[in-house]
Amino acid sequence: MKLYGSFTSPYVRHCRIALLESRLDCQFIETDQVSSAKLSPTKRVPFLHDEELSLTDSSAILRYIRQKSSKTCVDTVIELDQFCMINTALDSSINLFFLSRDGVDIERVDYTIRQAQRIKTSLAEFDKFKLPLHGPFNDVQLRLGCFLSWAVFRQRINIEDYPKLTLFLAAIEKEPFFIETAPPA
């Protein structure tokens, strides 16, 4: 099994955490945007190859890893909704990050303003989640941790006004698997 991705992607990080937890044999292959565009039809990371199987979305990869290791991924419809909500906020944050990096004035375009508003209202909702301050963490919590860690590091969000998120991020960033998958400084 081979997982392709970047060390900085929060989606890849979640898959790497799941692989560490599963102890499945997998080779991680670092790839950049140019290589991703050539190797994956979605032109993004992560993607996974396991013999004849190719998966191109982190959610499918997570489910596959969890199934191979006889674990569940997202147990309930509420967890699925929360997982999808986090993905929506993460997608918006990543889009704004790349648009800003490419020179788009994200504070002057209606579409990007809506994306920023979506992130803000999502953070307020995430702050209402039941969030443990120690593991084990489920995949909703892992996805949230990967999102928050990436978005704070990339200065896409400020969580000072969200006390539960602040405590949760501080706690999850102390976990060994989270430390092990942190992007290189």
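Predicted model: local features only at pLDDT ≥ 70, side-chain atom pairs only at ≥ 80, totals over all residues.
Residues are numbered from 1 along each chain as its sequence is written, and local features need pLDDT of at least 70, side-chain atom pairs 80 or more, while totals for chains, interfaces and linings use all residues. Side-chain values use heavy atoms, without hydrogens and water.

**Stop 1: α4 and α5.** Select residues 77-101 for α4 and 110-126 for α5. Helices here are DSSP runs (H or I, at least four residues), numbered from the N terminus. The two axes lie 9 Å apart, at an angle of about 140°. Axes are lines fitted to C-alpha atoms over the stretch in contact, and angles run from 0 to 180 degrees between N-to-C directions. Now show the contact (heavy atoms within 4.5 Å). From α4, pick residues including M85, I86 and L99; from α5, Y111, I119 and F126 are among the partners.

**Stop 2: α6 and α7.** Select residues 139-153, then 163-172. The axes come within 10 Å and cross at roughly 95°. The helices are therefore roughly perpendicular. Q141, L144 and L148 are among the α6 residues that meet α7, where L165 and F168 are among the partners.

**Stop 3: the core.** Which residues touch the most other members of the largest nonpolar core? Select L123, F126, L144, F147, L148 and L165. The core (buried Ala, Val, Leu, Ile, Met, Phe, Trp, Tyr and Cys joined through side-chain atoms within 4.5 Å) has 44 residues. Buried means under 20% relative accessible area, with a 1.4 Å probe and protein chains only. α6 gives the most, with eight residues.

**Last stop: L165.** Its contacts include L123, F126, L144 and L148, leaving out residues up to four places away in sequence.

Terms used:
Helix = DSSP H or I, 4+ residues; strand = E, 2+ residues; numbered from the N terminus. Parallel < 35°, antiparallel > 145°, perpendicular 65-115°, else oblique. Buried < 20%, exposed > 50% of the residue type's maximum accessible area, 1.4 Å probe, protein only.
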